[in-house]
Amino acid sequence: MARGAAKQRAAPAKPAPKAKTAARRRTTGEEDMFFMRLRRGTKPIFIFLALIFAASFVFLGVGSGSSGIGDLLRGNIHFGGSSGPSIGKAQDKIKKNPNDAAAYLELTKAYEAKGRTDDAIGSLTRYVVLRPRAASALQELAGLYLAKGETYRQQVQLAQLDAQDASLGTIFAPATTPKLSQIVGQDPITQALSTKAQTEVSGVYSKMQSAYAKATAAYKTLAKATPRDPNVQLQLAQSAESANDTPTAVAAYKKFLKLAPDDNSAPYVKQKIKTIQAQLSPSGQG
C-alpha cells in the first residue's frame, strides 16, 4: 500500500519560466552599491511587490521612527560587515583627480553607508557623467531617487495630518452669531495655522514629485541602454506612475509585455494598463 501511494504522489511542479533579461557587464565596484545588491536576482513581480509594500507602509504612517523598510529604502540598513569606504579618502582622491570615476563611485558607497542620500545622488550623478554607459550606476541612481521620493511621501502624510488638525480647530471653534462673526471675523491664529499646514503639504508634495520624476528620467536613460531588459521596463513604469507620468507608464508596461509575455507578472501588468486607461478615459471606461 505504501509503495502504491508513493507512485501516486504528485510530481513536484516545474518552476515558472523567468523573464529573459539582457546580460550587462558591470563596472568594477558598481555591484557593491546598496540598490544593486538589493536588486540582484530579483524577478519583476517581486520588484512590484516591494515598491508597492514600501509605498503602502509609508502611506499608513507606520514606523515614523526607525521604520525598517523606510531605513532600507534610504540606505540605512546594509548587509555585510560594518567596515566600508571612507568619505575623506574618496574626497582626497577626487581632489587629486577630478575625473577619477572610481573615486566618485567609492564616495557614493561611503555616503550610502552613512544614510546621506542627497550626497550619494550628487556623487553618483557625477560618476554617470564620466561613465554614461554604466547601466548599474543608472539603476542605482534611479533607486536613490525612489528612496528620496518615498521619504517625501512620508513627510506629505505627516503634513496632511497637521493640516487636518488645523481644520478641526476651525470646526470645533466656539460658535458665534452672524453679527459677531462680521465684527470679529475668522480666528486669525487658526487661519494662520491652517494656511501654514497647507503650504507645507504643497511644498513637500512638489519635492516628492520632483524626486519621482528624476527617478523616471534615470530609468528612461537606463531603458535606452538596456532595451531588451523587461525588469527595467517594469521599474520605469512603476516610477512613472509615482510621478503621475501616465503615458510613460503605459508605454513601459506594454514594452514589458512584449519582452516577457509569459512572465508570472504579465496578468497583473495587463490589469494595470486597463486600470490606467480607464482612469484617463472621460467616461471612466477603457
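This is a predicted model: local features need pLDDT of at least 70, side-chain atom pairs count only at pLDDT 80 or more; totals for chains, interfaces and linings use all residues.
## Confidence in the model

Over residues 5-26 the pLDDT stays under 50, and for this stretch the model has 23 contacts beyond four places in sequence.

## Overall architecture

The secondary structure of the protein consists of 13 helices and zero strands, and the pattern read along the sequence is accordingly written α-α-α-α-α-α-α-α-α-α-α-α-α. Of the 286 residues in the protein, 41% are buried. When contacts are counted between residues at least 6 apart in sequence, 65% of them join residues that are at least 24 apart.

Two pairs of helices are described below. Two packed helices are described by the angle between their axes and the distance between the axes.

## Helices α5 and α6

Helix α5 covers residues 87-96 and helix α6 covers residues 101-113, and their axes come within 9 Å of each other while crossing at roughly 155°. Because angles over 145 degrees count as roughly antiparallel, α5 and α6 are roughly antiparallel to each other. The crossing of these two helices, α5 and α6, is left-handed.

On the α5 side, the contact is made by Ile87, Lys89, Ala90, Gln91, Lys93 and Ile94, and on the α6 side by Ala103, Tyr104, Glu106, Leu107, Ala110 and Tyr111. Sorted by class, the residues in the contact of α5 with α6 are eight nonpolar, one polar and three charged.

## Helices α12 and α13

The crossing of α12 and α13 is left-handed.

Which residues of α12 and α13 meet? From α12 come Thr246, Ala249, Val250, Tyr253, Lys254, Phe256 and Leu257, and these meet Ala266, Val269, Lys270, Lys272, Ile273, Ile276, Gln277 and Leu280 in α13. The residues of this contact of α12 with α13 divide into 10 that are nonpolar, two that are polar and three that are charged.

Technical notes. Residues are numbered from 1 along each chain as its sequence is written. Side-chain values use heavy atoms; hydrogens and water are left out. A crossing is left-handed if the near helix is turned anticlockwise from the far one by less than a right angle, and right-handed if clockwise. Helices (H or I, at least four residues) and strands (E, at least two) are DSSP runs, numbered from the N terminus. Contact means heavy atoms within 4.5 Å. Ala, Val, Leu, Ile, Met, Phe, Trp, Tyr, Cys and Pro count as nonpolar, Asp, Glu, Lys and Arg as charged, and the others, Gly among them, as polar. Axes are lines fitted to C-alpha atoms, for helices over the stretch in contact, and angles run from 0 to 180 degrees between N-to-C directions. Angles under 35 degrees count as roughly parallel, over 145 as roughly antiparallel, 65 to 115 as roughly perpendicular and the rest as oblique. pLDDT is the predictor's confidence in each residue, from 0 to 100. Buried means under 20% relative accessible area, exposed over 50%, partly exposed in between (1.4 Å probe, protein chains only).
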